[in-house]
Amino acid sequence: MSSIPLDLSRNETSAGDYLERARELAPTIAAAADEIERIRQLPEAIVEALIERGIFRMLLPRSLGGAELDPLTYVQVLEILARADPSTAWSLGQNSGCSMIAPYLDPAIAREVFGAPHGILAWGPDLPNAGRAVAVEGGLRVTGRWGFATGSRHATWLGAHVPVFDADGTPRLNPNGRPFVRTIVFAKSSAKIIDNWQVIGLRGTGSDSYALDDMFIPQRYTAGRDNEAERREPGPLYRFTSGMIYAMGFCSVSLGIARGALDAFIELARDKIPRGQRKTLRENNVIQSQVAQCEAQLASSRAFLYETLREMWEAVRQTGELRSEQHVQLRLASTWGINQALKTVQTVYSAAGATAIFESNPFERRLRDMHAGSQQGQGRPLHFETVGQILLGLPPEGRMFR
């Protein structure tokens, strides 16, 4: 496997370099898709290829040898790789989102976590009652169990988002009355790993659970995620929250999954003659209409997301701020894209007929991966209600990004 030599200390690469690296890697990743599915994680060779090309470091600060890529380039890389293998792209989306904690960590700790080539961080979502931290002298004592740690099998560090309690059990609260939460990072070897990722889709993400039992976490290994008061990096990328990065990233992965499914169907339709028919699928008027509508769904969703990101990037570069309506626009574009991708995959799976049920074809795995991805929080239809409430001048009942 060829590699592109990188000098991470100089980081003189351009956005186009990362797109080219993704395109170069895509055939190798596609060839490994069956193995990724079977072993339920990324093979070592794939992980090493991604590391060599700096793909895990796309959103890390330049001060850590990262690329500090603009969001539009970042999502294009994920989309390219998702067309090759959804689990690989999904893992990168999660690991990249986790790396957005770097600007908020003590610089020495950030370098310890992310400085080495294999410095990859994974964690699970901040689910209610998953864990708790008790404040003690010099840090926190943490107990809990967390799940959905995508990419944890190739990660070297884990993290968690934990509400903090005083020694007497009193919960610490923010001024707005919400729980005071710290994000902690710790060596993966410190946790108990629970192999429970037996699922129908995105099997290769290895999204295991993990647990800590009264583990001491020094204060320097904690940070306030997306807390402006703790942000140490000035770049415009870090005006985006980690929740925004997850939303745009998983939307692009979904669009990549759907594009791969549609491309495969168009190829199938050229030659397949359904039983009892005389013409190929592509000569069927219903199929023609479905393909056109699927293309419109994907192209328009992609354009909506990309234009939103262009406007947001221009805003942070010019003013250093994102407007509240841009938050709303990204939430809408991301959720819409995920749900349109789901519709596309469902359509082509059905149109492919009995061919779709065989593992030798890409349709059944794309359907499983797409359904697994759309069940994740970024694709919830509930987000449409939240956006609608805001557009109608009502106070939102839900949070747009987490």
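Predicted model: local features only at pLDDT ≥ 70, side-chain atom pairs only at ≥ 80, totals over all residues.
Tutor: Ground rules: local features need pLDDT of at least 70, side-chain atom pairs count only at pLDDT 80 or more, and totals for chains, interfaces and linings use all residues. Numbering runs from 1 along each chain as its sequence is written, and side-chain values use heavy atoms, with hydrogens and water left out.

Student: Why is Cys98 called buried?

Tutor: Buried means under 20% relative accessible area, exposed over 50%, and partly exposed in between (1.4 Å probe, protein chains only). Cys98 has 0%, so it counts as buried.

Student: What makes Arg302 and Glu79 a salt bridge?

Tutor: The rule asks for a side-chain nitrogen of Lys or Arg within 4 Å of a carboxyl oxygen of Asp or Glu. Here the closest N and O atoms are 3.0 Å apart, and the pair is a salt bridge. Arg302 sits in helix 8 and Glu79 in helix 4, so the pair ties together parts 223 residues apart in sequence.

Student: And what are Arg302 and Glu79 called, buried or partly exposed?

Tutor: Arg302, at 33% relative accessibility, counts as partly exposed; Glu79, at 6%, counts as buried.

Notes. Helix = DSSP H or I, 4+ residues; strand = E, 2+ residues; numbered from the N terminus.
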